[in-house]
Amino acid sequence: MSTINKLVIVGSGIKFMSHLTIEVKAHIEQADKVLYLINEPAMQEWIVNNSKYSEPLDDLYVKNPLREDNYKLIAEYILEELTTTKVLCIVIYGHPTVFVQPSLLAAKMAIDRGYKVTILPGISTEDCLFADLIIDPGTCGCHSFEATDFLLYRREYDSSSHLILWQPYVIGMLGIPVNHNPKKGLQFLSNYLQEKYELNHEITLYEAAQYPAFTPRIDTITLRDLPDANISSLTTLYIKPNKQKTPDVGVLNALRSEHN
Amino acid sequence: MDILSLLVKLSSNIIENDLLDELLKSQPEEIRHAIISNDMKKFKSCISNNQIFANEVKVTTY
């Protein structure tokens with residue numbers, strides 16, 4: 001029988017309890033220790049009440065001014081705990097590897113050191129967005145970027161596809177989110193988007209429902225209004241396509257001739 | 001019914017408006033109002049700050 005300690009990284013989903021899979025619930029209840037990074041107090045409380053032993057990672061998340069330093073700190077702490085814990089469960093809000101660098105880092109470090117690692121998916125904000133906005137990313141493709149990354153690296157994208165920009169509330173901010181005003185970054189973002197969209201193009205401010213009995217926030221503004229938009233730490237931007245997709249005629253004809 | 005039990009009940013049942021009203025009667029006014037007005041920010045603030053939970057909880061933004 002193997003004695004290698006095991007790291008299980010799970011996602012709690014967005015909506016309290018409603019998005020918790022049976023598999024994830026079992027791991028939280030049965031792991032020897034649970035560490036959690038959850039921005040929602042009810043889920044935190046449920047974990048405390050339903051696990052053998054649990055501990056928040058919140059303090060490590062805001063310990064240093066730079067987020068990257070804190071991600072590394074969290075990953076190192078997880079690995080330290082793993083040396084003495086047979087089954088260590090890490091619970092992350094949403095999906096455990098979507099916009100959560102500490103869990104990815106910890107998973108890679110644990111694999112490198114010979115530990116067993118399992119990652120169990122959770123429902124992400126983007127999953128909720130597809131459902132609530134009635135969008136299929138398969139119809140015309142979908143770009144998904146972190147807002148600061150999108151702006152800073154001038155990411156190329158096709159405006160005949162859906163465009164999703166995560167974390168606009170912290171756009172332009174490299175450290176931890178304290179007293180940050182996103183207006184300046186949103187103005188830069190608006191300028192960049194104007195290269196492909198008209199000023200009256202619609203942008204959806206989306207926030208998934210975090211609790212049962214609540215409904216999502218779906219507010220529509222124009223690109224012109226983006227710098228002054230009411231954006232919170234939960235907001236995701238959705239920008240609908242502004243033109244029809246057009247096929248490559250050469251490829252299309254070549255494919256057709258293959259069938260003839 | 002404590003707020004955690006209420007949320008668990010809401011998450012595992014299809015609850016019509018009249019039953020929701022009934023369930024909310026036992027809740028503090030500010031929580032009831034936050035749910036009825038769909039104010040998630042207010043709701044989260046209520047359950048974070050008012051010592052509704054026995055354990056110390058924090059809200060982290062990231």
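In what order do the five strands of the open sheet in chain A stand? I read the order as β3-β2-β4-β1-β5, with parallel pairing; strands here are DSSP E runs of at least two residues, helices H or I runs of at least four, both numbered from the N terminus, and two strands pair if DSSP finds at least two bridges between them.

I noted that this is a predicted model, in which local features need pLDDT of at least 70 and side-chain atom pairs count only at pLDDT 80 or more, while totals for chains, interfaces and linings use all residues. Residues are numbered from 1 along each chain as its sequence is written, and chains are lettered from A and ligands numbered from 1 in the order in which they are written.

Next I looked at the edges, where β3 (54–56) and β5 (116–120) of chain A each have a single partner strand, so one side of each lacks a neighbour in the sheet.

I then turned to β1(A), residues 6–11, which pairs in the parallel sense with β5(A) over five bridges; A:V8 has A:T118 as its bridge partner there, and A:L7 stands opposite A:V117. Six bridges join β1(A) to β4(A), again in parallel, and A:I9 stands opposite A:I90.
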